[in-house]
Amino acid sequence: MSTSGEPHCKKRKLADALDDAYTGGAARAQSAVIRDEHIWFEDGTIIVRAGPGCTGAGAVYGFRCHGSVLAARSPVFKTMLQLPNDSGERLEGAHCVDLTDAWEDVRDLLRLLYDFFDLTIVNANASRHPNTLAFIAGPMRLAAKYEMDSVLEQLRPLLTRDWPDTFEDWLRTERAQGEYQWPELQDPAAVVQLAQQARVRSVLPGAYYDLARVYLHTAQFHSVAERFADARRLARDDLERVAAGRERIARHVGALPMLHMDEEYARCALAGAGVLCRKLVVGSGSPCVEGFRVWWRDSALEQMETLFRDPLAVLDAQGRELHGAFPPKRIDTICRACRIWYSCHFLKEAQELWEKLPEFFELSSLPF
Ligand SMILES: [Zn+2]
């Protein structure tokens, strides 16, 4: 898969992140610090604090680490640590730095930085894992905020593995989906949100497509039988993109040549497949065209609803049914040469649709 040309880590203004980080200065952590079991080095020069207690009431979690390490990995931290510490607060000789980010995200980011974060659980598979987002979303968001490119580079491949950026990888991932159908764990709305926060543009065509094929919901409870996307994660622009994308996909599917099976398509099919057709009778054409027409009529009727919702999956599945070494009985009136031709045609249509996704979802209007 390719991530080349990714406009990753477009520099944000330091001030944005610094503003966030130092609001804790006024409302300093009052409670005792709960020390992280891994990130507490006796020679650490700073104590990063996070948690509800940093801004109000509640627990405060502390991470004693090295200012030089943070500064070397993050220009935002570098600037932050060069500023005079307005609180001047020290704990056991180390300067305190209060962050307003979720403490779990701070913990995961620092553990990643110091190699205490075990990614093997989600990394072991070659394809999608139901917990990828739960593992990477927090640290990835913070890595983008604090401009930690090396951490982003480490996490980005997991996101692109689950929402591939090429047609071939998308198909392979979808086919391997199999056992992992747990919807809430991989909410496409959360992927769209994370991809924008971490500026990983390449996953967005697949993520928006995934979003467009599932139902949006805003209620808290829903049936687990269907996949849902949590619309509350989406900005108005995202919702407009999904609505427009869905319409364009439906229009595109409605115009697919095989859906009409008109004379022109039959002629094209014959021109394409007829050369190799093993049943071709000179002067009277090939019975394979009629065989295909009957198969597709039944097949399309069975899957019409899914075809409009998830055309890539249907075109791929139909193409594979045609191509299979042991085709079902209902297509055995079509010779193998014609089946392969039709199968390639289905794949070509799927690929053309995939390539139109950035346009369908208006991704050129994204600000990164
Ligand atoms: Zn044939």
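Hi everyone, thanks for coming. Please keep in mind that we are looking at a predicted model.

How many strands form it, and in what order? There are 5 strands in an open sheet, ordered 1-3-2-5-4, and the pairing is mixed. At the edges stand strand 1, residues 33-40, and strand 4, residues 90-91. Each of those has a single partner strand, so one side of each is left without a neighbour in the sheet.

Now look at strand 2, residues 46-50. On one side, strand 2 pairs with strand 5, residues 94-98, in the parallel sense over 4 bridges. If you want a pair to find on screen, R49 has D98 in strand 5 as its bridge partner. Strand 2 also pairs with strand 3, this time in the antiparallel sense and over 5 bridges. There, the bridge partner of V48 is F63 in strand 3.

Is strand 2 mostly covered or mostly open? Mostly covered: 5 of its 5 residues are buried. As a reminder, side chains in a regular strand alternate between the two faces of the sheet. In strand 2, I46, V48 and A50 lie on one side, with I47 and R49 on the other, and all of them are buried.

Next, the helices. Which two have axes that come within 8 Å? Helix 9, residues 188-197, and helix 10, residues 204-213, do, and their axes cross at roughly 150°. With angles over 145 counted as roughly antiparallel, that makes helix 9 roughly antiparallel to helix 10. The crossing is left-handed.

Who makes the contact? From helix 9 we have P188, A189, V191, V192 and A195, and from helix 10 come L204, A207, Y208, D210 and L211. By type, the contact residues divide into 9 nonpolar, no polar and 1 charged.

Methods
Residues numbered from 1 in each chain as written. Predicted model: local features only at pLDDT ≥ 70, side-chain atom pairs only at ≥ 80, totals over all residues. Axes fitted to C-alpha atoms, helices over the stretch in contact; angles between N-to-C directions. Parallel < 35°, antiparallel > 145°, perpendicular 65-115°, else oblique. Left-handed = near helix turned anticlockwise from the far one by under 90°. Contact = placed C-beta atoms within 7 Å. Nonpolar A, V, L, I, M, F, W, Y, C, P; charged D, E, K, R; others polar. Pairing = 2+ DSSP bridges. Buried ≥ 20, exposed ≤ 12 C-beta atoms within 10 Å, placed from the backbone.
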